[in-house]
Amino acid sequence: MDNDVSAGSITTIAGRLALGITLLAFGLGYTDLIDGVTAADAVTIAQYVGGVALFVVGLLALRDRDGAGGTAFTVLGAFWFTWAVSAGDQVSDNAAGLFLLLFALVALSLTAAGGDQLSRGTYGLFLVALVLTAVARFADSDSLTKVGGWFAVAAGAVAWYAATAAMAHWPTALPRRAAGRGVTATG
């Protein structure tokens with residue numbers, strides 16, 4: 001193991017990659033962007049990458065005393081595993097919508113908990129995706145489902161960027177303007 005990289009950051013990178021891949025597959029399935037690819041095609045990725053791998057990464061993060069990452073990854077791993085194994089079951093649209101809304105509360109908690117900008121962005125976009133897909137299930141709205149899918153794609157892209165940026169040493173925060181410095185009028 002490289003001494004310059006802590007075990008916590010390695011688990012965070014792995015968790016963000018697993019979450020990013022799963023969100024991209026899930027979201028693209030709902031957008032109908034790729035002909036013949038549906039959300040049902042994301043079930044295997046959701047079960048093993050988003051469910052099992054993300055849950056294990058979360059346990060490793062908790063072992064390394066990364067409470068925020070460990071909590072996020074284990075809970076999201078449980079979400080993806082549950083979504084994947086129940087995807088073929090016949091449940092009412094209201095039950096499916098409720099499931100998505102309950103995990104939207106988890107995403108809200110993760111967003112409000114703080115952390116870096118990319119984590120908050122990922123969880124915030126995922127929150128919107130879950131709310132939109134839940135409402136779409138309640139209202140039987142295909143167009144709302146597609147919009148929710150696009151938010152999931154955006155969340156997956158942010159999670160993927162966060163992991164890649166950490167490995168490649170790319171910027172991970174938006175630059176801030178210094179106080180008092182701004183555009184001045186010239187006369």
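The paragraphs below treat a nonpolar patch and then the salt bridges.

This is a predicted model, in which local features need pLDDT of at least 70 and side-chain atom pairs count only at pLDDT 80 or more, while totals for chains, interfaces and linings use all residues. Residues are numbered from 1 along each chain as its sequence is written, and side-chain values use heavy atoms, with hydrogens and water left out.

A nonpolar surface patch of about 650 Å² is formed by Leu98, Leu101, Leu102, Leu105, Leu108, Val131, Val135 and Phe138; patches are made of residues with over 30% relative accessible area and no salt bridge, nonpolar side chains (Val, Leu, Ile, Met, Phe, Trp, Tyr) being joined within 5 Å and like charges within 9 Å. Accessible areas come from the Shrake-Rupley method with a 1.4 Å probe, and for residues only the protein chains shown count as cover. Helix 4 (93-112) and helix 5 (117-139) each supply at least two of the patch residues, with helices taken as DSSP runs of H or I, at least four residues long and numbered from the N terminus. Helix 4 gives the most, with five residues.

The structure holds four salt bridges, each a side-chain nitrogen of Lys or Arg within 4 Å of a carboxyl oxygen of Asp or Glu. One of them joins Asp116 and Arg16 at 2.6 Å, N to O. Because Asp116 lies in the loop between helix 4 and helix 5 and Arg16 in helix 1 (residues 7-31), this pair ties together parts that are 100 residues apart in sequence. Arg16 counts as buried at 11% relative accessibility, whereas Asp116, at 34%, counts as partly exposed; buried means under 20% relative accessible area, exposed over 50%, and partly exposed in between (1.4 Å probe, protein chains only).
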